[in-house]
Amino acid sequence: MDKTRIASLIERIGNLLRSEERASGAESGLQSVHVQILSYLSQCNRYSNTPAGVTEFIGSTKGTTSQSINILDKKGFLKKSIDDKDGRVVRLYLTEKGEDFIRNEFPPAEFCATLDMFSAKDSEYLSQLLTKLLVQLQLKNNSKLFGLCNTCNHFKKFGLGNTHQCGLTLEPLSEEESFLICREHEQSANKTV
Ligand code: SF4
């Protein structure tokens, strides 16, 4: 296995994606990191939409993330709201403008067009391999997994009769929520996808 080649390929793909994000955000005055934050908030569940969740996902510092969140707030792409149950926690929600931006600009058009060249089977295989790689890298780095809810060890399919349940919080989860990513996601090291 040529590990240098694999690392270099992933690095290059990441750089190209960042470059496309910069281009798609330029008209709205957004940098690549702002696009990543909006994308994260469009995919994460209700346990993960906090500044701490964004910081962990982006892998940036608390201060830098906070500045980016304030810029997105000022530009009207997201809004902050105090948590109903815990007044110390700030929740972040996309505004209509933020949702429109993500719907139109993420993933970037060139990236989508390139993926369209792959067959459904190849795309699925690529997705599985990348997921496997990412999960193992995150486990080795002791990072949060941010996996899909319905692949979590705590996920209880139809745990509440007709409704799914989170085994950690014991709260109900809708079908839509079961496809969102979560900072509390837990997966055993030998379960790779
Ligand atoms: S089941 Fe897991 S991923 Fe889903 S909400 Fe609970 S902790 Fe998060």
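**Helix α3 and its surroundings**

Mentor: Helix α3 is followed by G59, whose phi is positive, near 75 degrees. Helices here are DSSP runs of H or I with at least four residues, strands are runs of E with at least two, and both are numbered from the N terminus. Residues are numbered from 1 along each chain as its sequence is written. The model is predicted: local features need pLDDT of at least 70, side-chain atom pairs count only at pLDDT 80 or more, and totals for chains, interfaces and linings use all residues.

Within α3, which spans residues 51-58, the buried residues are G53, V54 and F57. A residue counts as buried if 20 or more other C-beta atoms lie within 10 Å of its own, as exposed if 12 or fewer do, and as partly exposed in between, with C-beta atoms placed from the backbone. Viewed down the axis of α3, these buried residues fall within an arc of 100 degrees, so they line one face of the helix; the arc is that of the directions from the helix axis to the C-beta atoms. The buried residues of α3 pack against α2 (32-43), α4 (62-74) and β2 (90-94). Contact between two residues requires that their C-beta atoms, placed from the backbone, lie within 7 Å.

Two of these partners, α2 and α4, also pack with each other, at an angle of about 80 degrees and with their axes 10 Å apart. That makes α2 roughly perpendicular to α4. Axes are lines fitted to C-alpha atoms, for helices over the stretch in contact, and angles run from 0 to 180 degrees between N-to-C directions. Angles under 35 degrees count as roughly parallel, over 145 as roughly antiparallel, 65 to 115 as roughly perpendicular and the rest as oblique. On the α2 side the contact is made by V33, H34, I37 and L38, and on the α4 side by S68, I69, I71 and L72. The residues of this contact divide into six nonpolar, two polar and no charged, where Ala, Val, Leu, Ile, Met, Phe, Trp, Tyr, Cys and Pro are nonpolar, Asp, Glu, Lys and Arg are charged, and the others, Gly among them, are polar.

The loop between α4 and β1 (78-82) holds F77, which is buried, with 26 other C-beta atoms within 10 Å. Beyond four places in sequence, F77 touches residues including L38, L72, L94 and K97. K97 lies in helix α5 (residues 96-105) and is partly exposed, with 15 other C-beta atoms within 10 Å.
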